[in-house]
Amino acid sequence: MRINPNYKVRQIGGENIVTVQGNLNGNMTKIISLNPTALLLWNEFSDKDFTCEDVADFLVNTYHIAFEQAIADSTRWVEKMRSCGII
């Protein structure tokens, strides 16, 4: 899977907000804000193909958590990004 390159993260009002490039008719009723960990994952995996296991490995190495927790967290992150059409 891959993050859609038409989506970019911009800092707006102190928040990390996902925006769509070049879409003047976009739906602005839904705002996607990334917390620090979600932003870290975005920065690590944008412009790359990845799996939930890749994300989990990154979380394990970054936060030194159990793989079981990391795979649950990575799956949840991927599902949220998919539900928004970002992945």
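This passage goes through the overall build of the chain and then its salt bridges.

The model is a predicted one, so local features are kept only at pLDDT of at least 70 and side-chain atom pairs only at pLDDT 80 or more, while totals for chains, interfaces and linings use all residues. Residues are numbered from 1 along each chain as its sequence is written, and side-chain values rest on heavy atoms, with hydrogens and water left out.

The chain carries 3 helices and 3 strands, with helices (H or I, at least four residues) and strands (E, at least two) taken as DSSP runs and numbered from the N terminus. In sequence order the pattern is β-β-β-α-α-α. The radius of gyration comes out at 13 Å, close to the 12 Å that the globule rule gives for 87 residues, so the chain is as compact as a globular protein of that length; here the radius is taken over C-alpha atoms, and the rule is 2.2 Å times the number of residues to the power 0.38. Along the principal axes, the C-alpha atoms fill a box of roughly 40 × 25 × 20 Å. Of the 87 residues, 29% count as buried (buried is under 20% relative accessible area, exposed over 50%, partly exposed in between, with a 1.4 Å probe and protein chains only). As for contacts (heavy atoms within 4.5 Å), 44% of those between residues at least 6 apart in sequence join residues at least 24 apart.

Now for the charges. A search of the whole structure turns up 3 salt bridges, each being a side-chain nitrogen of Lys or Arg within 4 Å of a carboxyl oxygen of Asp or Glu. One of them pairs Asp 49 with Arg 2, with the closest N and O atoms 3.1 Å apart. This pair ties together distant parts of the chain, 47 residues apart: Asp 49 sits in the loop between helix H1 (36-45) and helix H2 (52-63), and Arg 2 in the segment before strand E1 (7-12). Asp 49 is exposed, at 56% relative accessibility, whereas Arg 2 is partly exposed at 38%.

Another bridge joins the side chains of Glu 44 and Lys 48, at 3.1 Å from N to O. Glu 44 is partly exposed at 28%, and Lys 48 is partly exposed at 36%.

Asp 73 and Arg 76 also meet in a salt bridge, at 2.5 Å from N to O. Both belong to helix H3 (residues 67-83), and because they are 3 residues apart there, about one helical turn separates them. Asp 73 is partly exposed with a relative accessible area of 23%, and Arg 76 is partly exposed with 42%.
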